[in-house]
Amino acid sequence: MATVNSMLSVPDKKTTVVDLYRPLRHYIAVTYSENEAQEAEDDLNAVRQLRLDLEKPIEAAASDLRRDLLLTYYRALASIEPRFPISPDPTHVHSLTFTWFDAFKPSKKVAQTSIHLEKAAIIFNLGAVYSQIALSSNRTDAAGLKQACNAFQSAAGAFAYLRDNAAARVSSTGGATLDISVECAWMLEKLMLAQAQECFFEKVIGDAKPPALCSKVARQVGLYYEEAYAALNSPPLNQHFDRSWIAHVQYKAAQFYAEASYRCSLDLHDKEEIAEEICRLRTAINALADAKKYSRGVAQPLLDAVNKLETKMTSNLERAIKENEQVYLMRVPDASSLVALPAASLVKPMPLAEVLDASKEGLFSRLVPDNSTKALSKYTDIVDDIIRTQAEKLQQASEIARVRLKEMDLPDSILALEGSFDLPLDLKADVEALQIRGGSSGLEAELQQLKDLRRVNQELCIEIEELLNKEADEDAHFRSLFGTKWNRPQSSILTKGLQDRLNKFAANIKQAINSDSRIERAVRDNSSQLAIFDNKPIESAIPNLARPIMSLDGNGDAIVGALKQSLRQIENLGAQRAGLEDMLKDMKRKDDILPKMMASTGSQEDLFKKEISKYDQICEEIVQNIEEQDQLLLQIQAQNDEFSAVFNLEDYKAAREKSFKQISTAIAKYHEIKENISEGLNFYVTLQDAVTNIKQQCSDFVMTRNIQCREMVENLQRQSNSHPQSAPQSAPPHVDQPGYSHLYTSYAYPGRRGSYYLPQQQANPAPPPPYTTPSPYPPPNQGSYYRPQ
């Protein structure tokens, strides 16, 4: 059907020229710095250009461009508002005044030093331009009809935003024109919704939808018009609008009440409910007749549409009356007894919060007032507290699950049933370290090293003793040969200190041999206990959890399967908690509220509540996860009790703990033997150094004595050859060898005063115990193998 253009668009508000650049730049230079003002030059010029474009005459064909300009400028104002306080206060931007004229009565205007007036006027003009876009759309085709419907809903959204946000603020700053009042914004919202719903009515009629549906859509159109008319016909709007507007809205309300009644009567006729059909048609025709009394100023196309509808209803009414009188003979009900016509709303105000959001705008982003910084810090503290609290809940839930499962010996008992049980980590680490060192075989190898070192020390002592004995025998031979002429000190006197040390070494070795025997005996006695380390892997030495030979109800596998399934679920919940914790951290990292704070015109508390609410969902998921785990742990407890009973788990635990104890005991015994062997090895290495040093001293002593011996023999032989017939001469005077006495009466080696070698000045020193050198060995009261028995 052809569509007539019988709708209304809202006229724009007009303004005067305003220079934004100078007042804003001055405020930046004074409040922040001249450098900041220079940095903001591009933003200041951009805002100035937006306002200049807004002041230009409106071209009818440029509605889309006008809409985009209004949206951009409004977002710029949202960026300006928190950074530039515009008011008569001398410390604020006080030289900036906005002037706007009433859209419906251009003779009226208001001027304010308030950004709220500017923002309210821009929102009003946004709604107006949306209504103009809708009215210019070609509603005779589907695409144009859809465009008109959407534009009217966007216009309704703009006027709803004006009513809920800007209107109250601008009125609180010193008065405003009536077109941006709360009452006018509410009326315009309803008018735009009525026209959007009317577009839907045109669509359902064009698509030949059932009369009942068309009636519901038409009735909602009429209801919206009735609400708009009620506002127009009440103070303060009843004396503000042109009479043609009021008549148009009133006529539309009557038209669509009649349209709804007409479509309903068609449905009633199909159902042969003739009596109600007659009543509905009469009521609708009367409504149109009443509306015609106030038709002055109504557009002719609308009058033609109403007359056409009235003609169709009159014809249908005559037909229905005739059929009722001839066929149905029903009593026509009173109009007051009829139920209200049903309505179906298919439209709503289009939310504009997203398109008006300035949080992504870059204008003046470098300028952040102190109060915004403090507010941001407060918000950050709130978010940090949320993150910390939720993270603690997640970690506590994971710890509870771990402890509860450990108390139930899960999943170890299931793993033991499958033959994949692992030792406790600390015990397993100790066993693996011992196995790497060779276990009991490693002890045997170290024991052989001990024997080899002992043999080396014994052989060194024997070599030293043989060396000193040989020298003493030679000295005794020449002393008997030359008699009193052999006037050098006897070897036994000079080597007494060396012999004493050598005797002490021999005594220490003898006591060490006893300690070595005890170690060898300990290795032999504990060989069967230490053999447990030969099991690789060590878990093969642990008894397995055996399946029952037969169960009463044969449901062992089902019990195990159910328990394993529950354990998988508890594991999944743990993984989910890890994901939730990562999600919390990621949300915190991305939660940059500053742009929204700087673009927000509402209270910061409301903004905080809205922004913090985005954490509500993940907090609910955390609560749900913990509740599910609590229920699952109760279920696992019951399943594990049944599992323990069927598989005789207590006996298995006892056997397993016994094996653990055997392994722990074997580890302790291994370390004890290993420590004693290490002590012995260290002793023999230290002793070998000392004995080697003594051997070197003895070698030096023997070499010196041999040289002295040769010289004395040669001297005595020359004397004998010079006086062959003379009487025996007295013994040649004794000549001390330089440094000789000091060399062989000092300590075994310079600077060494270990427990093996006591100072010579001590009288009858007690023999030192073996293996008692100061730092490498523990004192005797700490259980050393190498101490006197």
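Tutor: Happy to; what follows goes from the aromatic rings to the charged pairs and ends at a cavity. Please keep in mind that this is a predicted model.

Let's start with the rings. Across the whole structure, a search turns up 15 aromatic pairs. One of them joins Phe 104 and Trp 245 in an edge-to-face arrangement, with 5.4 Å from centre to centre and 75° between the planes. Phe 104 belongs to the loop between strand 1 and strand 2 (109-112), while Trp 245 is part of helix 9 (residues 243-270), so this pair ties together parts that lie 141 residues apart in sequence. Phe 104 has a relative accessible area of 17% and is therefore buried. Trp 245 counts as buried too, because its relative accessibility is 12%. Phe 124 and Phe 159 also make an edge-to-face pair, here with 5.6 Å centre to centre and 70° between the planes. Since Phe 124 sits in helix 5 and Phe 159 in helix 6 (residues 142-172), the pair ties together parts 35 residues apart in sequence. Both of these phenylalanines, Phe 124 and Phe 159, are buried.

These two pairs belong to one group. Ring pairs link Phe 104, Phe 124, Phe 159, Phe 241 and Trp 245 into a cluster. A charge also comes in at this place: the charged end of Lys 13 sits over the ring of Phe 124, 5.9 Å from the ring centre. Elsewhere, the charged end of Arg 48 is placed over the ring of Tyr 21, at 4.3 Å from the centre.

Side chains of opposite charge can pair when their charged atoms come close. In this model there are 41 salt bridges. One of them joins Glu 81 to Lys 119, with 2.6 Å between the closest N and O atoms. It links distant parts of the chain, as Glu 81 is in the loop between helix 4 (63-80) and strand 1 (98-101) and Lys 119 is in helix 5 (residues 115-136), 38 residues apart. Glu 81 counts as buried at 16% relative accessibility, and Lys 119 is buried with a relative accessible area of 4%.

Other salt bridges lie within a single helix. Asp 385 pairs with Arg 388, their closest N and O atoms being 3.3 Å apart. The two are three residues apart in helix 13 (residues 370-407), which means that about one helical turn separates Asp 385 from Arg 388. Asp 385 is partly exposed at 39% relative accessibility, and Arg 388 is partly exposed at 44%. In helix 20 (residues 556-590), Asp 586 and Lys 590 are four residues apart, so they too are separated by about one helical turn. Their side chains meet in a salt bridge of 3.3 Å, N to O. Asp 586 is partly exposed, with a relative accessible area of 27%, whereas Lys 590 is exposed at 57%.

Helix 16 (439-482) and helix 24 (649-722) each give at least two residues to the lining of the second largest cavity. Helix 16 supplies the largest share, four residues. Sorted by class, this lining has five charged, two nonpolar and one polar residue.

Note on methods. Residues numbered from 1 in each chain as written. Predicted model: local features only at pLDDT ≥ 70, side-chain atom pairs only at ≥ 80, totals over all residues. Heavy atoms only, no water. Salt bridge = Lys/Arg side-chain N within 4 Å of Asp/Glu carboxyl O. Buried < 20%, exposed > 50% of the residue type's maximum accessible area, 1.4 Å probe, protein only. Phe/Tyr/Trp six-rings, centres within 6.5 Å; stacked < 30°, edge-to-face > 60°. Lys NZ or Arg CZ within 6 Å of the ring centre and 35° of its normal. Nonpolar A, V, L, I, M, F, W, Y, C, P; charged D, E, K, R; others polar.
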